[in-house]
Amino acid sequence: MQTDNREAADQLAKIWDLAGGDSKALDRVALTGDEPALPGIYKVGVQAQAAIAATGLAAAEIHRARGGPAQDVSLSMRHAAAAFRSESYIRLNDKPGAMEFDPIHGFYKCGDGGWVQVHCNYPQHRMAAAELLHCAYNRAGVQRVFDGMSAAEVEELFAANSLPIARMRSEDEWGAHPQSAALDSQPVLILEKIGEAEPRPLPAAGERPLAGLRVLDLTKVIAGPVCGRTMAEHGAEVLQITAAHMAHAMALIIDANRGKRSAYLDLRKDAGVGRLKGLVREADIFVQGYRPGTLASRGLGPEQLAALRPGLVYVSLSAFGHEGPWSERRGFDSIVQTASGIGHAGGVAAGKDGMQHLPCQALDHGSGYLMALGAMMARLKQAEEGGSWLVRVSLARTGRWLQSLGKQDALDAPEMTAEGIADLIEDYGQTAFGHMTGVKPAAQLKATPGYWATKTVPPGTHAPEWGA
């Protein structure tokens, strides 16, 4: 492996080994650039470069297994860091895509001096929070309630009502937490054989590594959608399944739906579940980001779908991991940063009374690329040795991986502005949302360069069926 950064190379080797990759393939990787890639105390650039390079290498290995040539994979840390902020660089008609935040979303100092983060950017969460707090629906109203409570009380109140929240903890506090112990007992990427099935050969080599592979994408926000987008980048047919009654953060969808088709199915109804199962019968990979147990209650859990489609690769994302006392808690990237000490450490370094989060949604993006890596390598395993496979990734375990890289003194590193990465931006032309530009695919494959064959589309644009 050629590299300017030994840490990134070492991390790539570790996650490649977890995914079951051939170590000889690492000789075809070139990593350039060094930290600091972004301002902050955590080595986000190392994580980004390792995770994204691994997905590029996985795509290259699948193409080679299909009869394609062995090919080199290269990635600059600068481009990797930009990809970890991809939603920040989307431009529609030359204007930034606006991410709207709910009025009560954000950080609050509680009566005991502790801090919490409330996440209320989705209607179901904001309505439940308003009903729970019985206060004026503005920051001042919420603050008055929290002034009379400790941070721990607020956290438990929201968690007991299945609302996403976290109390600010230090890294030491999180390290002593039972959920942290559960995470530390697991690798950052889990590939598990969950059933017997005959090997299903990969299609013969075509122009793109994943051409002919079908992926169902039942995810929202950033991590899961990045997984599907990454496989679409290398030629997979990715069908996003959502529903008309679900809330959608359009600023994120515009970025993450590149290369995908999108259809509506109402999984609250038997007809919707039945239609989805029909799609599963022809799928290679099923990706979902619901809370643990949610889809299983509808007959859509890993073992259930593996029985329906022997040889399926089932990819599951959770906030806090599939084991431990917090395994069923709701969470988002920023919530996990708050709970795990990342926000606290950033605040201390910046001299703040409170939190300072990462310069990007690194846990989301890191988890998304790990999911894509696991999905591709599990599909390769299936072709070679058979079986049905389960891939597990969690935001919190990805956070532990980032924390394990140590810290750097880079709060004053230059910001990565859209103007400063103009060479990494490509023009997608006119879309349903307007004239769009965004960050190019980061991993550079010499023989099969990644690209998105279709433009981003609004949710529900297509019928819930596979393409021709």
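Cys135 is partly exposed, its relative accessible area being 21% (buried means under 20%, exposed over 50% and partly exposed in between, with a 1.4 Å probe and protein chains only). The model described here is predicted, so that local features need pLDDT of at least 70 and side-chain atom pairs count only at pLDDT 80 or more, while totals for chains, interfaces and linings use all residues. Residues are numbered from 1 along each chain as its sequence is written, and side-chain values use heavy atoms, with hydrogens and water left out.

Staying with the cysteines, Cys227 is buried, with a relative accessible area of 0%. The closest cysteine sulfur to that of Cys227 belongs to Cys360 and lies 18 Å away, which is too far for a bond. Zero disulfides are found in the structure, a disulfide being a pair of cysteine sulfur atoms within 2.5 Å.

Turning to the aromatic rings, a search of the whole structure gives eight aromatic pairs. Rings of Phe, Tyr and Trp (the six-membered ring of the latter) pair if their centres lie within 6.5 Å; planes under 30 degrees apart count as stacked, over 60 as edge-to-face and the rest as tilted.

Another edge-to-face pair joins Phe320 to Trp326, at 5.1 Å centre to centre and 85 degrees between the planes. Phe320 is buried, with a relative accessible area of 1%, and Trp326 is buried too, at 6%. Ser327 is buried, with a relative accessible area of 14%. Leaving aside neighbours within four places in sequence, Ser327 is in contact (heavy atoms within 4.5 Å) with Gln179, Pro292, Gly321 and His322.

Back at Tyr108, this residue forms one aromatic cluster with Phe146 and Phe158. The ring of Tyr108 also has the charged end of Arg139 sitting over it, 4.1 Å from its centre; a charge sits over a ring if NZ of Lys or CZ of Arg is within 6 Å of the ring centre and within 35 degrees of the ring normal. The charged end of Arg208 sits over the ring of Tyr451, 3.7 Å from its centre.
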